Amino acid sequence: MMRASASNVRGGPRLAGFIVERVVRVDRACSPWTRTPFPIIVNDVSTQKALAPEISTWPDENPQLIGSTCSKCGATAFPVQQRCPKCSAGEMSEVLLPRRGTLVAWTTQGFPPGAPYKGPTGKDFVPFGVGLVQLGDVIRVEGRLTENDPAKLQFGMDVELTMVPFTTDDEGNEIVTFAFRPV
């Protein structure tokens with residue numbers, strides 16, 4: 001299997017460890033209208049880390065999800081697979097998935113998911129949208145949506161990949177994950 005790298009997939013070097021440091025601490029508050037979290041910037045030092053660094057090109061400015069394509073039958077999988085889910089061949093190579101897609105289906109996650117969920121629970125839990133997104137004619141991906149109000153979502157609406165705050169780890173690092181936002 002070929003690994004995505006600056007020379008074979010993208011135009012720039014990958015940052016080791018997917019860690020981005022900045023000179024602010026980001027706390028979260030909730031919009032009173034959508035209950036969607038948004039950042040509040042407070043002076044301090046904070047580090048952002050990806051929940052699953054192996055599945056995207058974050059912290060690139062325009063991150064993309066990393067999937068794999070079978071060189072035998074052409075099937076695409078996400079996340080990266082060692083063997084093809086369609087023909088079982090072991091001839092998979094990494095591919096960057098399109099950033100934009102179409103919302104096919106959605107729901108609102110109104111309670112904390114079960115294990116292995118590592119996000120906020122109890123009074124800290126905020127309902128979030130979950131959607132099935134068709135990325136071009138390549139693949140359908142399930143992921144978070146930045147919008148959790150079903151009245152603001154429509155079948156066929158265009159969405160784009162983004163990174164959003166997910167939780168804070170025990171060391172105070174902000175953990176981010178991918179989501180799709182309406183465009």
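Which residues does Phe180 touch, not counting residues up to four places away in sequence? I noted first that this is a predicted model. I then listed the contacts of Phe180: Leu65, Arg99, Val133, Leu135, Val141, Arg144, Leu145, Thr146, Val159, Glu160 and Leu161.

Entry on the cores. I looked up the largest nonpolar core and found that it has 19 residues. Phe180 is one of those that touch the most other members, along with Leu65, Leu103, Leu135, Val141 and Phe178. I checked which elements give two or more residues to this core, and they are strand E9 (128-135), strand E10 (139-145), strand E11 (158-168) and E12. There is also a second, separate core of six residues, and I wrote down Ala75, Ala77, Ala89 and Met92 as being among them. As background, I noted that nonpolar side chains tend to be buried together in soluble globular proteins.

Entry on the cavity. I searched for cavities of 30 Å³ or more and found one. The largest cavity holds about 40 Å³ of space. Phe178 was already on my page from the largest nonpolar core. I asked which element gives the largest share of the lining. That is strand E12 (residues 174-182), with three residues.

Entry on Asn173. I found Asn173 in the loop between E11 and E12. Is Asn173 buried or exposed? Its relative accessibility is 10%, and buried means under 20%, so Asn173 counts as buried. Leaving aside neighbours within four places in sequence, I listed the contacts of Asn173 as Thr47, Lys49, Thr167 and Thr168.

Entry on a sheet. I traced an open sheet of three strands, with the order E6-E5-E7 and antiparallel pairing. The edge strands are E6 (76-77) and E7 (92-96), and each of these pairs on one side only. I then looked at how strand E5 (residues 66-70) is joined to E6, and found two bridges, with the strands running antiparallel. Which residue in E6 is the bridge partner of Thr69? I recorded Thr76 as that partner.

Conventions: Residues are numbered from 1 along each chain as its sequence is written. This is a predicted model: local features need pLDDT of at least 70, side-chain atom pairs count only at pLDDT 80 or more; totals for chains, interfaces and linings use all residues. Side-chain values use heavy atoms; hydrogens and water are left out. On a 1 Å grid over the protein atoms alone, a cavity is a set of points where a 1.4 Å probe fits but cannot get out, and a pocket is an open set with protein on both sides within 12 Å along at least five of seven lines; lining residues have an atom within 4 Å of a point. Grid points are joined across faces, edges and corners, and a volume is the space filled by probe spheres set on the points. Helices (H or I, at least four residues) and strands (E, at least two) are DSSP runs, numbered from the N terminus. Two strands pair if DSSP finds at least two bridges between them. A nonpolar core is a set of buried Ala, Val, Leu, Ile, Met, Phe, Trp, Tyr and Cys residues joined through side-chain atoms within 4.5 Å. Buried means under 20% relative accessible area, exposed over 50%, partly exposed in between (1.4 Å probe, protein chains only). Contact means heavy atoms within 4.5 Å.
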